[in-house]
Amino acid sequence: MTDTAIEAAGLGRTFGRRRRARALHACTFRLPAGRVCAVVGPNGAGKSTLLALAAGLLRPTEGTVTVLGTTPAAARERVAYVAQGKPLHPQLTVADTLRMGRDLNPRRWDAATAGRVVADGDLDPDAKVRTLSGGQRTRVALALALGKRPELLLLDEPMADLDPLARHQLMGTLMADAAEHGTTIVMSSHVIAELEGSCDHLLLVGGGRVRLAGPVDDLLAAHTLVTGPAGDLAPHTVVESRTTGRQLTALVRPAGPLGEDWQAGDPTLEELVLAHLRSPDAPALTLTDERQEAAA
């Protein structure tokens with residue numbers, strides 16, 4: 001076992017031969033094992049490309065990425081990946097799909113977990129995949145992924161086509177799996193509020209670069225929401241500021257004590273992420289997991 005799930009150094013990926021489009025550029029970060037990590041960012045930010053690189057489905061055009069201490073290809077048996085499209089064989093039944101998962105993963109298959117995820121959705125085992133709704137296909141895809149008993153689970157917008165109740169149920173299943181087996185879960189999502197309280201690590205990607213990376217609690221602690229009279233906030237790092245009349249509201253990274261004129265508060269995860277997304281020129285911040293470093 002390794003204490004690092006994913007580590008990237010100067011990682012980049014471009015597409016096309018003539019008109020090359022850069023999806024990721026100079027991404028450097030480390031994700032400790034055993035964490036539940038949210039990968040967030042706007043459409044086209046590079047989230048799906050990042051997950052595909054970690055899954056070994058794409059090769060970097062610059063830099064390196066290691067997964068579970070080795071190459072993505074070498075780690076493939078220990079990794080499960082659910083893509084946005086939830087690719088499944090449409091002519092197979094639900095039961096056939098799970099049997100296929102067992103046959104492809106004879107040494108690690110967890111039939112009880114896979115069966116429970118399907119049963120919790122009241123799916124007919126004899127129903128063909130092509131007859132299932134988008135949410136039902138998502139449940140089958142997650143059953144396959146969890147049944148593989150992976151050390152690292154990569155999920156690209158896994159809850160996008162689920163209703164709120166199904167999202168809540170499946171998020172609970174994922175959190176229980178992470179707690180029981182120590183599975184590292186990395187999931188991209190647009191529903192930031194849904195991730196709060198579930199994810200303990202954040203990777204914010206914007207414009208193909210890593211903007212924020214680190215434990216959620218530490219990133220939140222590094223930022224402060226301030227309100228006060230419009231004026232200069234130097235020497236503090238201002239991520240975003242808005243002025244209404246004579247009053248200014250800003251998200252800052254304090255460089256020392258705040259003046260008496262400022263009222264300070266703690267941002268939520270959603271406020272933190274949205275402020276950085278609205279301010280693409282704000283300085284990036286990467287924090288290490290001190291708990292993991294201390295244990296190493």
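This is a predicted model: local features need pLDDT of at least 70, side-chain atom pairs count only at pLDDT 80 or more; totals for chains, interfaces and linings use all residues.
View 1. Residues are numbered from 1 along each chain as its sequence is written, and side-chain values use heavy atoms, with hydrogens and water left out. Helices (H or I, at least four residues) and strands (E, at least two) are DSSP runs, numbered from the N terminus. Contact means heavy atoms within 4.5 Å.

View 2. An α-helix has 3.6 residues a turn, so residues three or four places apart point the same way. Buried stands for under 20% relative accessible area, exposed for over 50%, and partly exposed for values in between (1.4 Å probe, protein chains only).

**View 3. Length and ends of α5.** Helix α5 runs over residues 164-181, and its 18 residues should span 26 Å at 1.5 Å a residue; the end C-alpha atoms are 26 Å apart, which agrees. The expected span is 1.5 Å times one less than the number of residues. Just after the helix, G182 has a positive phi of about 70 degrees.

**View 4. L174 and the nonpolar cores.** A nonpolar core is a set of buried Ala, Val, Leu, Ile, Met, Phe, Trp, Tyr and Cys residues joined through side-chain atoms within 4.5 Å. The largest has 51 residues, of which L153, L155, L174, I185 and L202 touch the most other members. Helix α4 gives the largest share of this core, seven residues. Apart from this core lies another, of 29 residues, among them L31, A33, L50 and V210. Beyond its neighbours within four places in sequence, L174 contacts L146, L153, L155, M159, I185 and M187.

View 5. R167, in helix α5, counts as buried at 19% relative accessibility. Leaving aside neighbours within four places in sequence, R167 is in contact with M159, L162 and E194. D110 sits in the loop between α2 (94-104) and α3 and is buried at 18% relative accessibility. Its side chain makes a polar contact with that of T113 at 2.8 Å. A polar contact is a pair of N or O atoms within 3.5 Å; within protein, one must be able to donate a hydrogen and the other to accept it, and residues adjacent in sequence count only if both atoms are side-chain atoms. Beyond neighbours within four places in sequence, D110 contacts G147 and R149.

**View 6. Cysteines C27 and C37.** The structure holds zero disulfides, a disulfide being a pair of cysteine sulfur atoms within 2.5 Å. For C27 the nearest cysteine sulfur, that of C37, is 13 Å away. For C37 the nearest is that of C199, 7.2 Å away. C27 is buried at 2% relative accessible area, and C37 is buried at 1% relative accessibility.
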